[in-house]
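The sequence and the structure come first, and the notes follow.

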Amino acid sequence: MTGELPISEIRQSQAALRDSEALYHSLVDQLPMCLLRKNLEGRFTFANAQFLEFAGKSVDEVIGRTDFDLFPEELARKYQADDQKVISTREVLDTVERHAVGGGGGGGDLRYVQILKTPVFDSGRKVIGTQVLFWDVTEKHVAKAALEESTALKRAIFDSALDCIVLVDQDGVILDVNRSTERVFGFRREELVGCSMDDTLVPPAVKPRTRTNRDRYESDREEGSMLGKRAEIPAQHKDGRVFDVEMAMQPIPYEGRTVFAMFLHDITERKRTEEEIAQKNKDLE
């Protein structure tokens, strides 16, 4: 019949298509991440080797199934809702999801995965399904959560300390203060961070002394510095009032440089009590 392709050309085209599909499957099976495809009914039409290993499933246990066959109901509902969002908006969904693997109907390990969910188009740009690319980020997620928990714990301890704690760099610029510092000195944290400790928390006469102690540590380390020592110095309230504090300094390594934790304890009441006792003893003489 006129216009029909010769049998040999048809066979060549079919062979080329098979080769192309084989190459595609070979490539996606070597990806170090999981790849899935679903049709508009939410049934899996493709799963690469990485996903099968990740889920502990065979091809027959995945193809033609839905999320409800593989995952707990709550997660399956979320996955299908995300599919519908991608299909309706025709936009990429990029998020981190909890993903139960193994155990089917609700069991298995809970993992965290980075998800890239995209619509699949036909040649006419009609959406015919969804494609999901994801990889395991459980270790990263757990490490981040542990870091956030550790940071929150350290902040809680820092802020609950009864003594004032002021973190300063080598130039005396304040990096952070705790709540006791705000209470004792009358400043809000935002008013102090980025400012010089020498210009805010101590009276002018004491500036050379605090600067010298930082410089001595930088040049001599422990020798000649206040490291491990406590000293009484005047401090200055936001309103200009001068009062006595006991100060200790602890160097802390930070991003390749030395910063200092300044521990300040208000000894106003102690000094007043000592003066009263001294006056009484004097009166008794």
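This is a predicted model: local features need pLDDT of at least 70, side-chain atom pairs count only at pLDDT 80 or more; totals for chains, interfaces and linings use all residues.

Across the whole structure, a search finds 15 salt bridges.

**Around Asp176**

- Arg189 and Asp176 meet through their side chains in a salt bridge, with 2.6 Å from N to O, and this pair links distant parts of the chain, since Arg189 lies in helix α7 (residues 189–192) while Asp176 lies in strand β7, 13 residues apart.
- Arg155 and Asp176 also form a salt bridge, at 2.4 Å from N to O, which joins helix α5 (residues 138–160), where Arg155 is found, to strand β7 (residues 174–177), where Asp176 is found, the two being 21 residues apart.
- A network of salt bridges links Arg155, Asp159, Asp176, Arg179 and Arg189.

**The pair Asp83 and Lys117**

- Asp83 forms a salt bridge with Lys117, and their closest N and O atoms are 3.0 Å apart; the pair links distant parts of the chain, with Asp83 in helix α4 (residues 73–89) and Lys117 in strand β4 (residues 109–121), 34 residues apart.
- Asp83 counts as buried because its relative accessible area is 5%, and Lys117 counts as buried because its relative accessible area is 2%, the cut-off for buried being under 20%.

Notes: Residues are numbered from 1 along each chain as its sequence is written. Side-chain values use heavy atoms; hydrogens and water are left out. A salt bridge is a side-chain nitrogen of Lys or Arg within 4 Å of a carboxyl oxygen of Asp or Glu. Helices (H or I, at least four residues) and strands (E, at least two) are DSSP runs, numbered from the N terminus. Buried means under 20% relative accessible area, exposed over 50%, partly exposed in between (1.4 Å probe, protein chains only).
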